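I opened the coordinates and kept notes as I went. The entries below follow the order in which I looked things up.

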Amino acid sequence: MFRAVSRILRTPDLRRKIGFTLGIIALFRLGSFIPSPFVDYSNVQACLAGNQSTSGLYELVNLFSGGALLQLSIFALGIMPYITSSIIVQLLRVVIPHFDALYKEGQSGQAKLTQYTRYLTIALGILQSTTLITVARSGALFGSSTVSECSQLITNNAWYAILLMVITMTAGTGLIMWMGELITERGIGNGMSILIFTSIAAKFPTALWAIEQAKSFEIFLGVIAIGIIIMGLVVFVEQSQRRIPVQYAKRMVGRRTYGGNNTYIPIKVNMAGVVPVIFASSLLYLPALVAQFNTPSDGSAPPAWVSWVQANLTSGDKPLYMLLYFLLIIGFTYFYVAITFNPEEVADNMKKYGGFIPGIRAGRPTADYLDYVLTRVTLPGSLYLGLVALIPLVALATVGANQNFPFGGASILIIVGVGLETVKQVDSQLQQRHYEGLLR
């Protein structure tokens, strides 16, 4: 391992790419602590010291922004608008035929889809920044915090001040998107994934320190040991795949023979990634949001259904919340895999190039077989996603940690996935230069 690192440092091109990536990461983290205009920095810090947690969808955005959301910084929205717009554009391929045609055009069509994603990111940035400022002005950003400063986070409520804050936060989202594309072009790995990785990894020391301060040192060591085991199991499942063998028939073109090689179609156990967890978290936040708008402001008793929602669907340590969360993740996993992997399209491409699965006829029987395998492989993948996502909620109910528990949920899935992909990128860069790879 140390020899591989020394080889990386001795390779000028690779050293330059890694240095560029680290520089962008440093700028990204610096922007997470620069407050937006007209934000009272001292009051924000007092609220953070008195209440480190948030809830619902804001918890997810705060996780992906590396804590910048609660800081009300210029990078408060983080990478979340880009993630949301990417998912929306991907889902629109099923609804809008033009989007699907652009995807099939190749590089030029996908460049147009990328441009649509950028426009949608800016639009979502305007919407989310407006919502965030409205919540901050109402004093509800930190939930039911008892700190008086939490209702005085913004120093100027004039229209021009609000407009300037919206423009600043939206511009910060655009700058983050540009930074991610720069890393993809000139650095190592996928830029957006690297920035998400950085945001989540930045929260790990704070979350672990909070556990160590609130509980005994023995519980802290136990959490570390469990975290290492969970990380190892997640790596194992993320690398697991079902390989479907594919053979290509030989064909003569002039005096040359083409085809005749054997390959396989890799179907991962977790093909959906972290997207079902994001979908389920967002959907479960809606009842709490509706209940919040229907809570009387004069202090009178809320309606019965509002009380039921507040008692069962606003906190992650409730059994009903956990059950719905688990079932939604399973359902969204099947939904997202069905959208991203089309067995009929794969079967048609195999038939076009003379490929077939041994023992299976080309065409419709191949598509049915792929769908059969995909359905059965997705079942353990969905159960795995649901169990990993429940780890922070179980920790909240047992150990008493907050919902930002580092070893579980979306955080551990992204950390492991991006880490594995980046290591593979470095390994391929080393092998291109006739060195031993980073992986053995």
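**Helix α14**

I began with helix α14, residues 319-340, in this predicted model. I counted 22 residues in α14, and from the first C-alpha to the last the helix reaches 32 Å. That is close to the 32 Å expected at 1.5 Å a residue. I then listed the buried residues of α14: Tyr321, Met322, Tyr325, Phe326, Ile329, Ile330, Phe332, Thr333, Tyr336, Val337 and Ile339.

**Whole chain**

I noted the totals next. The protein chain holds 17 helices and five strands. I read off 440 residues, of which 44% count as buried. For contacts with a separation of 6 or more, I found that 69% are between residues 24 or more positions apart.

**Helices α2 and α9**

At what angle do α2 and α9 pack? I looked up helix α2 (residues 12-31) against helix α9 (residues 159-186) and got about 170 degrees, with the axes 9 Å apart. An angle over 145 degrees counts as roughly antiparallel, so α2 is roughly antiparallel to α9.

I then wrote down which residues meet. From α2 they are Lys17, Phe20, Thr21, Ile24, Leu27 and Phe28. From α9 they are Ile176, Met179, Leu182, Ile183 and Arg186. Sorted by class, the residues of this contact of α2 with α9 come to eight nonpolar, one polar and two charged.

**Strand β1 and its partners**

I followed strand β1, residues 241-248, to strand β4, residues 262-268. The two strands run antiparallel and are joined by seven bridges. In this pairing I found Ile244 opposite Ile265 in β4.

I also checked β1 against strand β5, residues 355-356. This pairing is antiparallel too, over two bridges. Here Tyr248 stands opposite Gly355 in β5.

**Gly109**

Is Gly109 buried or exposed? I placed Gly109 in helix α8, residues 107-138. Its relative accessibility is 0% and buried means under 20%, so Gly109 counts as buried.

Phe99 is 10 residues from Gly109 along the chain, and I get 8.6 Å between the C-alpha atoms of Gly109 and Phe99.

Note on methods:
Residues numbered from 1 in each chain as written. Predicted model: local features only at pLDDT ≥ 70, side-chain atom pairs only at ≥ 80, totals over all residues. Heavy atoms only, no water. Axes fitted to C-alpha atoms, helices over the stretch in contact; angles between N-to-C directions. Helix = DSSP H or I, 4+ residues; strand = E, 2+ residues; numbered from the N terminus. Parallel < 35°, antiparallel > 145°, perpendicular 65-115°, else oblique. Contact = heavy atoms within 4.5 Å. Nonpolar A, V, L, I, M, F, W, Y, C, P; charged D, E, K, R; others polar. Expected span 1.5 Å × (residues − 1). Buried < 20%, exposed > 50% of the residue type's maximum accessible area, 1.4 Å probe, protein only. Pairing = 2+ DSSP bridges.
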